[in-house]
Amino acid sequence: MQTEKIIEVRNLSKLFRISYEKKDTLFASIKGMMNPLQYSDLWALKDINFDVNKGESIGIIGENGSGKTTLLKILVGILTPTAGYSKIFGKIAPFLELGVGFNEDLTGRENIYLYSYIMGLSKDEIDKKLDNIIKFSGLERFIDSKLSTYSSGMRIRLGFSTAIQSESDIFLIDEVLAVGDMKFQHKCFEVFRNLKKQRKTILFVSHDLNAIKKICDKALLLKEGKQVVFGESKYVSDLYVYSSIIENGKINGLKGRNLTYTKKEFKNMEKLKKQVNVRWGEKEVEITKIKLFDKFNKKNNLFVSGDPLKIRIYYKNNENIKDLDFGIGIFYEDGRHCFGTTTEVENYPLKNIKKEGFIDCYIKRLSMQEGNFYLNVIALNKKHYHYDWHNKMYMFKVIKINNLDQGMFNLDCKWKISR
Amino acid sequence: MLTKQEISLIKELTVSEFKLRYKNSVLGFFWSLLKPLAMLTTLYIVFRIFIKIDSEQYSLFLLLGIILWNFFSESTVFGLNSIVSKSGIVKKMNFKYGILIISACLVSFLSFLLNFMVFAIFLLFIKGLPSLISLFIIFPVMALFLLSLGASFALATFFIKYRDIGYLWDIILQIGFWISPIAYPIEIIPAKYLNIYMLNPLANLITISRGIVLDNKLPNLEMILTSFITLLIILTLGYAIYKFKHRKFIEYI
């Protein structure tokens, strides 16, 4: 398939000037002329560069406020860039999302016509497509009701159904999956597949990384208006999960929408920490701290199912103990024992124990699907005397984004027909 | 210029908004007449009976002035709000936002036509069949439409960023009502102020309209020229303001 560039974005930057005193009245503007202007500059986008070829679908990922919508608005022509440019070699659908109507008092049907005119369809064309649009939206019963009676999901469905009928080369889809129900989501995926078959380009904004991986060939990760990375969608969404704290384009940690602990989880954790017996032992060998590392070797406590985990245990051998063994235990949130092992069980000879140091435990593949997990870390001897037992003092979270498998475990599994 | 689809959009927007305005109440159409008729009655009583203004066919004179004025004030107020009131779609869609302004003025124009029909019935009733010269009314009415459109382009654009333009325009309209010859004939203006008074384009257009419909008299060249020039200035200026400013202001919406 020959490549044919359809979007070119170079050094694209957008500055928003936010005044401290809001000058949204004429009076304030005139008053403002006497005083020096007071404002802060906000680069909503800074130096964005990427190319899109015909038929490629691009996911745009980033936290809220990272500039995703601003980027789409510039591509579509609602905003003009402060610096740099974006070039479109083809026809771009002229809107981001259609959750809003021209008039709340107009019916769904009337709004379809208004949307379609904006997309550049003629009345005849709309007449022909109207039945399809209504059928796809699944709103047959409501199509002659006022828009004001629609739920937000119904609005998006109406808008999306209309939008995909346009004859554009490039479609912008802004979080449409987030509001549709399961049935509608499946229909959307069907549409995306068809659009791809027709070599249309989709720019897809979503927090649903699974959908991004499924639909998009490439993805753009934005952080505070800066382009962190543009590349293969699987790689980029992985990076996003593992690196939601990204400072100046460098990756170091984690945080993100739906990816951090909920308040309740955090509370539970704190409660558990306060329980007695969370730690016992005479600390002949003391575990001073532990760190968890993700597959990018960054400190983290969020992991993707199927990915590796490294547990680093820092110890102090206070009494120069020779008979030493380290163990870990992993528990489900509800207390079910998930996994446990020790250096002895694994036949790892503990030699050269220093006075102070650390030992790493590599888990090649986190087989659990998703959930919150507690971690025990233990320093003991071969007779099961506990020097220092940290009982469920640590917590980490596993999410699944690569698969649609069900159940507790993610087992390596292949299907094959053998006659 | 506008494409075929954009013209369809204007048509659809205008017709649907116009229908909505009259759909929501049983008395729809009659409500729309209530405002001009109430104004007519009040002004008639005050000027004809209290102040004893002397004019033949004062009721027709007054009614024509009122509906022309209402057309101007209504279309500019709707025009002013046209973009901001649709901020939801303006934020999300890229199209010629001027379409919203044009459609707002057209909706007011349709209302005006309804009012004008009522005026025509009054005219028939009081004066009998008008002469063919009355058909020339179409020109000052068109001019008034374009004037409203020009003003609306400027107002709608500024209103995106400066929201107090709304209050300001309210005040200007109130003053405008009294410095236009609506309730009184132009003859009561002292001759030395007349030139300044006539700078108000409404004064010119209302006077021309009354001449055509009530006195079967075509305006003189000077009046036509002044109207034409003021109209041209306001329309060009309004459109230029829209054209060069609205994209920048949209960022503030």
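Predicted model: local features only at pLDDT ≥ 70, side-chain atom pairs only at ≥ 80, totals over all residues.
The crossing of α3(B) past α6(B) is right-handed.

The residues that meet can be listed for each helix. From α3(B) come B:Leu68, B:Phe71, B:Phe72, B:Ser75, B:Thr76, B:Gly79, B:Leu80 and B:Ser82. They meet B:Leu144, B:Ser148, B:Ala151, B:Ser152, B:Leu155, B:Ala156 and B:Phe159 of α6(B). Nine of the residues in this contact are nonpolar and six are polar. None is charged.

Confidence in chain B was examined next. The mean pLDDT of chain B is 90. In this chain, 98% of residues reach 70 or more. Confidence is highest in α6(B), at a mean of 96. It is lowest in helix α2 (residues 28-50) of chain B, where the mean is 84. For the complex, the predictor gives an ipTM of 0.82 and a pTM of 0.74.

The contact between the chains takes 28 residues from chain A and 25 residues from chain B. On the side of chain A that touches chain B, two elements give two or more residues: α1 (26-34) and α3 (108-118) of chain A. α3(A) gives the most, with five residues. By residue class, this side of chain A divides into 16 nonpolar, seven polar and five charged.

Chain A contains nine helices and 19 strands. Of its 419 residues, 37% are buried. Among contacts in chain A with a separation of 6 or more, 71% are between residues 24 or more positions apart.

One loop residue of chain A was examined individually. A:Asp144 lies in the loop between α4 (123-137) and α5 (152-163) of chain A. Leaving aside neighbours within four places in sequence, A:Asp144 is in contact with A:Thr107 and A:Arg109. A:Arg109 is 35 residues from A:Asp144 along the chain, yet their C-alpha atoms are separated by 6.0 Å.

Technical notes:
Residues numbered from 1 in each chain as written. Chains lettered and ligands numbered in written order. Helix = DSSP H or I, 4+ residues; strand = E, 2+ residues; numbered from the N terminus. Buried ≥ 20, exposed ≤ 12 C-beta atoms within 10 Å, placed from the backbone. Contact = placed C-beta atoms within 7 Å. Left-handed = near helix turned anticlockwise from the far one by under 90°. Nonpolar A, V, L, I, M, F, W, Y, C, P; charged D, E, K, R; others polar. pLDDT = per-residue confidence, 0-100.
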